[in-house]
Amino acid sequence: MFRKLSLRSLRLTCAFTQCKYATNGQTSQVPVTAALEGWTAKLKAAGIEDTDFNIKCIVSHVLNRKFNTVPDFYAQLHFNATQLADFERFLEARCARMPLQHIIGEWDFMDITLKTAPTVFIPRPETEEFVRLVIENYKDAKHVNLLEVGCGSGAMSLSMLHTLPQVVSTAIERSKAATILAAENAKLLGLEARFNVHNYTMEEDKYLPEELKDQKYDLIISNPPYVKTEEFQYLHPEVVVYENLNALDGGSDGLRVARLVFELACRHLHSGGQLWLELGNDHPPMVKTIMDLKYEGRLKFLASYNDQYKRERFVQIEKV
């Protein structure tokens, strides 16, 4: 059983370490190689994979350096007492399976850097693949009026806005904390003029906020909750203990929210507009069947795509 820790609960470690390395009011410089001793074994014992990557991310963050500028063997690198305390505190949190992104407080997604928060789901590398597919399909479009359903930190919309100047984006998000974070990320990236996010929970026959009820879009994207409720027992501790599980629970078949998105697309896509979804690897054939049986003449299944692990994950649908 993993006990959820906050970084605040580890501040005593910081204070203790600062005392340890302060002598006569002067701050000692500790070689990073010395500070690393024992941590690889501790991380592995805690079940952390890719320990070298985790350690280098934290070293880079503590030293306020870009990841690719930190030498692999940390030659000539030193921590002062405060940095050492932070390093140890962050590694203790990682051993408690706090996600690396929450420890660092920000994360790169494609070509942008996003602020992260423990209350907001962290976008995965596969989502970058999904967004690249969408961008490739719309890179030559003259104008794209985009709607994102469940934007979280804003990763998908903001990366599209950053790459494609012809895109404007509206987003809905059920979490108040995520709505605030997405708006903050847009402002930090200088994209707030083309990004409008609404705190709203989509329901049957109430798919968009009142002020958007008559809007039509060229493109709808979503990475809706798609984990089947029965599969929660198999999720990693980083997810179960620290993530917002509402951003994952797709109901008994994983398509509870996706079905609402299908109805939204029928009402709010222009004819010829497209719906792109990132789903679980067993969902695309199910979605094709649903399109054929329930949405004939309204929505057309165009294609599905594999992620880097050869799993069929991404779905492309067109409004008839």
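Guide: Two residues are in contact, or touch, when they have heavy atoms within 4.5 Å of each other. The model is predicted, so local features need a pLDDT of at least 70 and side-chain atom pairs count only at pLDDT 80 or more, while totals for chains, interfaces and linings use all residues. Residues are numbered from 1 along each chain as its sequence is written, and side-chain values use heavy atoms, with hydrogens and water left out.

Helices (H or I, at least four residues) and strands (E, at least two) are DSSP runs, numbered from the N terminus. Leaving aside residues up to four places away in sequence, Gly 273 touches Asp 218, Ile 317, Glu 318 and Lys 319. Gly 273 counts as buried because its relative accessible area is 5%. Buried means under 20% relative accessible area, exposed over 50%, and partly exposed in between, with a 1.4 Å probe and protein chains only. Leu 299 is 26 residues from Gly 273 in sequence, and their C-alpha atoms are 9.8 Å apart in space.

Rings of Phe, Tyr and Trp (its six-membered ring) pair if their centres lie within 6.5 Å; planes under 30 degrees apart count as stacked, over 60 as edge-to-face and the rest as tilted. In the whole structure, six aromatic pairs are found. One of them joins Phe 53 and Phe 67, with centres 5.6 Å apart and planes at 50°, so that pair is tilted. Phe 53 belongs to helix 4 (residues 51–63), and Phe 67 sits 14 residues away in the loop between helix 4 and strand 4 (78–79). Phe 53 is partly exposed at 33% relative accessible area, and Phe 67 is partly exposed at 34%. For Phe 130 and Trp 276, the ring centres are 6.5 Å apart and the planes stand at 65°, so the pair is edge-to-face. Phe 130 is buried at 1% relative accessible area, and Trp 276 is buried at 0%. Ring pairs also bring in Tyr 305 and Phe 314, making a cluster with Phe 130 and Trp 276.

Charged side chains come next. A salt bridge is a side-chain nitrogen of Lys or Arg within 4 Å of a carboxyl oxygen of Asp or Glu, and the count by this rule is 14. In one of them, Arg 311 meets Glu 126, with the closest N and O atoms 2.9 Å apart. This pair links distant parts of the chain: Arg 311 is in the loop between strand 12 and strand 13, and Glu 126 is in helix 7 (residues 125–138), 185 residues apart. Arg 311 is partly exposed at 29% relative accessibility, whereas Glu 126 is buried at 11%.

Another salt bridge, between Arg 267 and Glu 263, has its closest N and O atoms 2.8 Å apart. Arg 267 and Glu 263 are four residues apart in helix 11, so about one helical turn separates them. An α-helix has 3.6 residues a turn, so residues three or four places apart point the same way. Arg 267 is partly exposed at 36%, and Glu 263 is buried at 13%. Elsewhere, salt bridges that share partners join Glu 126, Glu 278, Asp 307, Arg 311 and Arg 313 into one network.

Helix 12 (residues 283–294) has 12 residues and reaches 16 Å from its first C-alpha to its last. That is close to the expected 16 Å, the expected span being 1.5 Å times one less than the number of residues. Its buried residues are His 283, Pro 284, Val 287, Ile 290 and Met 291. Seen down the axis of helix 12, these residues fall within an arc of 115°, so they line one face of the helix; the arc is that of the directions from the helix axis to the C-beta atoms. Helix 11 (256–268), strand 12 (299–306) and strand 13 (312–319) are among what covers them.
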